[in-house]
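User: Please take a close look at one part of this model, the sheet and the helices that go with it. I would like one connected account.

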Amino acid sequence: MLEKEGKTILENSKELGWVLEPDAKALMKLHGLDIPEFILTNDFESADKFLNKSDCPVVAKAVSKSILHKTEHKAVVTGITSSEQLKKEVMRLKKLEGCENILVEQMVEGIEVIIGAKNDFQFGPVIVFGIGGTSVEIYNDTAIRMAPLKPEDVVSMVDSLKAKEIMLGYRGKAGVNMEVLTHLIVNFSHLIMELEKDIESVDLNPVMCTKDKCVIVDARIILQ
Amino acid sequence: MDLKCLFKPSTMAVVGVSTSQDNHPANVIYNKNHLRYPVKTFPVNPRGGLINRAALYKSVEHIEEDVDMAVIAVRSEYVPEVLEQCIKKGVGGAVIISGGFAESGNLALQQRIIDIAKEASFPFIGPNCLGTYAPDYVDTFFLPGERIISPGKGNIGFVSQSGGVLVDQMVKFAGQGIGISLAVSIGNKACIKEADMLDWFDKDVETKVITFYIEGFEKGEGREFIEKAEQCSKPVVILKAGKSKKGVEAASSHTASIAGDYKVFSEIMKQYCVAEADNEYELTSFCEALSCYSEGMNGSVGILSLSGGHGVIAADACELHGLSIPVIEQKTKDTIKGKLTPGISGIVSLVNPLDLTGSCVDNDIVTSARHLLRDKNIECVLALLIPYSPGVSTDIGAKLSQVARNEGKPMIAYVPNEDKYKIIIEGFELNNIPVASSVEGAVLMAKALNRCRPC
């Protein structure tokens, strides 16, 4: 069942019509799905502290009710390694329209996939999986199944992609961990069944998958 | 809802029969059933009068006998009243031919007949439909018998949202020698929907394959349909119209933009092992193949031909349709080679596709088919039988059918659809081996069997 905390998140986002990234990720985390280490802050000092503690580059994103598509607004900066760079970017992001907070998180690498959901008029909740990133629509290498999913549905989704070999490991490069991916998608599909009455569509894009884990790097929930 | 009265009626009232217009839909329906079907038919018109010297009943309520079903072909505004009379009389169900409901914006009138029927648990088909055609039982299509080509009795159940597509498909079925158990045009599907028809056909012993022409589902109706299809014990085939991408461009998320209506539809059909035909031609092939073989396979095809060219054309088509042409076992090659007519063993090509050349005789074909079917890499054999060479006898169809039946794996034949080869075609078809009239048609039949689960 949807936790009280999850219900509050949806309730608070109703007026806006969609759920801000930090809240959408919090909802995913409540359901046992993996998200990166992060800090949500308004000042450079805390962001800098987070960067210094991290053993990898960080990503800084503007959290704004006016920005649904972050890439188009240049509201995402990846691969930040120095305090100077971080300071410059935080200052810039804060000036973006409606920016309330800066989300600073550890940068996660891996194969970029999209895991999405849509409340279809004819079939109710359906799950989308495929090659992710900002060019999803261009490659359009995705599979769709009706929720809730069974583990074998995930296997057949991967199998139906043109990028199947990338997922399974190609030319010496590791593929995704199928067990973790299956668990993630099946779990997500059950969560979507619970959210049927609230959502219009959900994008977990990208989700970074490696041979060990799958981490949700960005999440967007559009409400009904 | 018991639909037996609708689909296998013994008695039928036709409401709306005209005393002046011979071409009125009700007259066409009354005449063809009255003259050519076993169903006892009563003509009804509130104004009374005579048709072909028989008296018209002024209401269904005046009919002395029990009435299993009523065909209603009156102006839309009179339909609610006629429906109420049917319910009072205890009629088992109705086919509402009349148009002028939701399809022309008359939502309230359609809702009214839904409400009347619902309260009485009274099933009806339509409105705005052609109704039903069940060979040997009843035919409510308002098209004169001499104008249409109707398939005979068979085991395909067919449901269509469009009456025109349904009739056209009937002609195609008849041309391929495919028979049907029941065809239903559900029109506006205000009461009986696709999901109800799935229930009926699943239980109907005369039906082996259930086929749908679908334009679209109402809210949530797709899920209900697919959940029933999953439970259904028979192969389900669909042909979908309305595949264009309208309304997707403005979507606010990646997912909504990728998951357009048709892609969602098509992928879910695949997920639940419903065979989606790309076009009417494929639909016909699917129906013929699945009416002979309901078990699924993984798509490993063995090709047996008497001409290298046919083998290559078939192999190309197999690749295009996602079927594989596996390498055959050495054991298979050795066995076949040892049994061939000595004169041809030097010129045949014992690979997959297997080419026996135009010099082979019946025995070579029979032996090769038998051992191809026994090969563990092969799930299904395509026998491309061009009957032009002198070594092939007219018995080859019947002989190969016995081989396939004995080996227990599917065989699909290609024989040119010409009158002079009819004896070969019947040799197959009367033994329940499907025959295509083109090489590609044979491959499409194999594609139909390439499903994720057996039924």
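Analyst: Strand β17 (residues 380-384) of chain B runs parallel to strand β18 (residues 411-414) of chain B, and four bridges join them. Within this pair, B:V381 stands opposite B:M411 of β18(B). The model is predicted: local features need pLDDT of at least 70, side-chain atom pairs count only at pLDDT 80 or more, and totals for chains, interfaces and linings use all residues. Residues are numbered from 1 along each chain as its sequence is written, while chains are lettered from A and ligands numbered from 1 in the order in which they are written.

Both strands belong to an open sheet of five in chain B, ordered β16-β15-β17-β18-β19, with parallel pairing. Two strands count as paired if DSSP finds at least two bridges between them. Strands (E, at least two residues) and helices (H or I, at least four) are DSSP runs, numbered from the N terminus. At the edges are β16 (354-355) and β19 (435-436) of chain B, each pairing on one side only. Helix α11 (residues 308-320) of chain B packs on the sheet and touches β15 (301-305), β16 and β17 of chain B; contact requires C-beta atoms, placed from the backbone, within 7 Å. The direction of α11(B) makes about 160° with that of β15(B), where axes are lines fitted to C-alpha atoms, for helices over the stretch in contact, and angles run from 0 to 180 degrees between N-to-C directions.

Another packing involves helices α12 (residues 330-339) and α13 (residues 362-374) of chain B, at about 165° with axes 10 Å apart. The contact is made by B:T332, B:T335, B:I336 and B:K339 of α12(B) with B:T367, B:S368, B:H371 and B:L372 of α13(B).

Key
Contact = placed C-beta atoms within 7 Å.
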